[in-house]
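I am opening my notebook on a structure I have not looked at before.

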Amino acid sequence: MKMTTPLMAALLTASTSISLTAMTALPAQAADSKAASASAHAANAAQGGIDWRKDNNVDAAFAQAKASNKPLFLYWGAIWCPPCNQVKATIFNRQEFIDKSRHFIPVYLDGDTPGAQKFASQFKVRGYPTMILFKPDGTEITRLPGEVDSERYLQVLTQALNTTLSVQDTMKLALAGNKNLKDEDWSLLADYSWDDPEQKLVPGKELVATLLKLSELSPAGLHATRLYLRGIYAAATAKPGQALPSIDKAQATDKVLKAINDPKTARDNMDLLSNAAGEITEFLTVAKSEPRNKLIRAWNAAVVKLADDATISKTDRLGAVGAQVALASLNNAKPEAALQKDVQKRVAAIEQATTDAYERQSVVNAAAHALGDAGLLDDSDSLLKAELKRSHSPYYFMSTLGSNAKKRGDKVAAANWYEQAYNAAKGPATRLQWGSNYVSSLVELAPNDDARIEKAVQSVFGEAAKVDNAFYERNRAYLEKMGKKLIDWNKEGKHQVAYQKARSQLDGICGKLPANDPQKAVCQGVLNKS
């Protein structure tokens with residue numbers, strides 16, 4: 001699933017009914033007083049938009065929820081992330097969502113705002129976007145799926161607002177064989193954000209077995225099918241070496257075929273059909289076997305219908321195009337010319353029809369990946385370079401240009417694009433993420449350029465020293481990943497001088513953290529070999 005981007009007010013469309021300017025303000029624009037915050041809430045309400053709380057006082061928001069006996073809706077995102085922009089373009093701007101927002105306390109937590117990463121650690125959110133509905137007392141009701149279409153999303157939100165049980169309690173009852181669960185209860189289980197690595201319902205090692213068990217216990221129909229597909233997808237994407245329950249792959253293939261051959265079931269599970277096509281097909285079938293060819297033909301027919309379906313979002317239609325490419329790649333090193341032409345045609349039509357600034361960030365991302373995966377790297381580059389002038393977050397697309405260059409084997413160009421992306425990135429958490437990625441890429445692409453790597457590391461650690469929550473959540477994950485790359489880079493001691501300078505700089509940062517600060521141990525572990 002599963003990232004976001006800063007939109008300037010000038011890019012907003014006049015028809016947008018939600019107060020998006022208030023929702024996506026950059027950290028520097030955030031209100032610095034309670035009076036300013038109250039004024040912003042009043043302005044939002046007066047405009048008929050969503051009265052987002054974006055002052056980062058999450059504790060006060062929960063107090064408000066408890067006092068008003070309303071649920072709290074937490075949106076965790078970032079300005080550059082394509083899926084977040086998709087949510088803004090297809091869900092948050094719908095009048096139905098705006099109307100429903102009157103029944104909960106809506107909190108917008110941008111990953112780049114002060115204190116955000118620490119709150120993220122508290123609520124176990126990392127991937128952008130994450131949307132959680134809490135009870136007034138702070139109990140998590142459910143994690144809402146960001147990948148389904150807007151109609152499905154609003155249905156799930158309505159069910160979550162009306163339920164008296166958390167999804168965790170519902171799951172316990174379901175696994176215990178409770179016969180009194182309603183259709184709405186099974187719907188919330190089927191549409192829970194199971195692929196969120198931070199989900200708290202079951203440990204990752206138990207996910208596959210739990211989903212398959214729930215699918216067996218659920219009454220036959222849409223929810224049972226969706227839980228089963230999710231279970232097979234979880235098995236297909238499990239970490240190497242992870243123990244899995246016994247799965248009869250021939251039987252599973254038949255069940256998957258039945259689901260994708262039914263138009264309504266395929267449409268209801270369009271997110272899984274688009275995102276899981278290659279993984280599930282590869283997991284269940286043997287290369288170039290008749291079962292694989294049969295599954296590919298059926299799956300391809302289903303996603304072609306989705307790509308033609310004007311009732312789903314442009315990004316989702318491009319996701320279906322990407323699924324066609326993924327399926328074709330299972331039996332061929334490179335998609336055939338006919339498919340490449342079809343991809344070009346579909347991408348061009350959808351891109352040209354997309355004018356909304358939020359939607360473009362999502363559409364162009366999906367289009368560029370569809371082109372690149374189809375072996376059309378030059379087309380992908382052209383699209384991305386043109387978008388650099390229009391995008392509110394061009395650094396996101398610079399990273400994709402770096403990935404394209406890497407696919408070509410052009411290490412110099414790739415490193416340069418990653419550097420440009422880092423230099424252009426905005427926001428403290430975003431800059432740490434892009435900087436860490438730049439360092440990790442340099443270690444891979446230019447391992448003998450000690451001076452460049454040393455300079456990049458010095459820059460990233462220099463920024464970490466200025467950020468209060470540098471070693472929480474996403475910041476922590478990216479810095480730790482960078483640290484592992486650097487440790488491996490110097491495992492034979494060939495880059496000891498540059499590595500030691502990095503250690504000394506990091507030691508200085510760690511030394512300034514209070515002994516009782518949880519970040520201190522994390523900081524000390526970034527370049528720890530153990």
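I started with F73, whose bridge partner in strand 3 is L133. I kept in mind that this is a predicted model. F73 also has a bridge partner in strand 2, namely P106.

Next I looked up the strands themselves. Strand 1 (residues 72-77) runs parallel to strand 2 (residues 105-110), and six bridges join them. With strand 3 (residues 130-134), strand 1 pairs in the antiparallel sense, over five bridges.

Is strand 1 buried or exposed? Six of its six residues are buried, so I noted strand 1 as largely enclosed by the rest of the structure. I checked both faces. L72, L74 and W76 are buried on one side, and F73, Y75 and G77 are buried on the other.

**Entry: helix 4**

I turned to helix 4 (residues 82-92) and found it mostly covered, with 10 of its 11 residues buried. Among them are C84, V87, I91 and F92. K88 is also on the buried list.

**Entry: helices 9 and 11**

How do helix 9 and helix 11 pack? I read an angle of about 20° for helix 9 (residues 183-190) and helix 11 (residues 222-236), with axes 9 Å apart. Angles under 35 degrees count as roughly parallel, so I logged these two helices as roughly parallel to each other. Their crossing is left-handed.

I then listed the contact. From helix 9, D183, W186, S187, L189 and A190 take part; they meet H223, R226, L227 and R230 of helix 11. By type, I noted four nonpolar, two polar and three charged residues in this contact.

Methods. Residues are numbered from 1 along each chain as its sequence is written. This is a predicted model: local features need pLDDT of at least 70, side-chain atom pairs count only at pLDDT 80 or more; totals for chains, interfaces and linings use all residues. Side-chain values use heavy atoms; hydrogens and water are left out. Axes are lines fitted to C-alpha atoms, for helices over the stretch in contact, and angles run from 0 to 180 degrees between N-to-C directions. Helices (H or I, at least four residues) and strands (E, at least two) are DSSP runs, numbered from the N terminus. Angles under 35 degrees count as roughly parallel, over 145 as roughly antiparallel, 65 to 115 as roughly perpendicular and the rest as oblique. A crossing is left-handed if the near helix is turned anticlockwise from the far one by less than a right angle, and right-handed if clockwise. Contact means heavy atoms within 4.5 Å. Ala, Val, Leu, Ile, Met, Phe, Trp, Tyr, Cys and Pro count as nonpolar, Asp, Glu, Lys and Arg as charged, and the others, Gly among them, as polar. Buried means under 20% relative accessible area, exposed over 50%, partly exposed in between (1.4 Å probe, protein chains only). Two strands pair if DSSP finds at least two bridges between them.
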